[in-house]
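Visitor: I have not seen this structure before. Could you take me through it by way of a few questions?

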Amino acid sequence: MSDDPNLPPDTPPDPVPPLDPIPDREPDPRAGRAAFDRRMLEALVCPQTQAPLSYDADRQELVSRAAGLAYPIRGGIPVMLADEARQLD
């Protein structure tokens with residue numbers, strides 16, 4: 001409901017804009033790439049082993065040492081498919 005007398009009484013309130021992700025403390029050296037939100041690491045696990053993942057910022061990958069796989073991050077979105085993952089050396 002709005003207190004604006006110029007709006008009809010049944011007009012819903014304006015939606016609240018989404019929050020911006022917390023920016024990294026340092027500028028992103030990968031200018032031009034969508035940044036990966038590191039808070040996702042708290043929720044994501046390896047789909048093969050359910051083990052925790054680590055973030056490789058240089059390669060833009062999420063690494064599962066337990067599975068020996070590195071999942072790519074494309075446009076800031078992790079691709080958690082074994083078919084798309086790179087085998088670790």
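What follows is a short exchange about this predicted model.

Visitor: Which pattern does the protein follow along the sequence?
Guide: The model is predicted. It has zero helices and five strands. Read along the sequence, the pattern is β-β-β-β-β.

Visitor: What percentage of the residues count as buried?
Guide: A residue is called buried when its relative accessible area is under 20%. The protein has 89 residues. The share of them that counts as buried is 25%.

Visitor: How much of the accessible surface belongs to carbon and sulfur atoms?
Guide: The accessible surface of the protein is about 7000 Å². Carbon and sulfur atoms account for a part of that area, namely 54%.

Visitor: Is Q50 buried or exposed?
Guide: Q50 lies in the segment before β1, a strand that covers residues 54–56. Q50 is not a glycine, yet its phi is positive, about 65°. The cut-off for exposed is over 50% relative accessible area. Q50 has 54%, so this residue is exposed.

Visitor: Where does Q60 lie, and what is its phi?
Guide: Most residues other than glycine have a negative phi. Q60 lies in the loop between β1 and β2, the latter being residues 61–64. Q60 is a residue other than glycine with a positive phi, near 55°.

Visitor: Is Q60 buried or exposed?
Guide: Buried requires a relative accessible area under 20%. The relative accessible area of Q60 is 6%, so this residue is buried.

Visitor: Which side chain does the side chain of Q60 make a polar contact with?
Guide: The cut-off for a polar contact is a pair of N or O atoms within 3.5 Å. The contact made by the side chain of Q60 is at 2.8 Å. Its partner is the side chain of Y55.

Technical notes. Residues numbered from 1 in each chain as written. Predicted model: local features only at pLDDT ≥ 70, side-chain atom pairs only at ≥ 80, totals over all residues. Heavy atoms only, no water. Helix = DSSP H or I, 4+ residues; strand = E, 2+ residues; numbered from the N terminus. Buried < 20%, exposed > 50% of the residue type's maximum accessible area, 1.4 Å probe, protein only. Areas by Shrake-Rupley, 256 points an atom, 1.4 Å probe, with all protein chains shown as cover. Polar contact = N/O pair within 3.5 Å; in protein donor to acceptor, adjacent residues only side chain to side chain.
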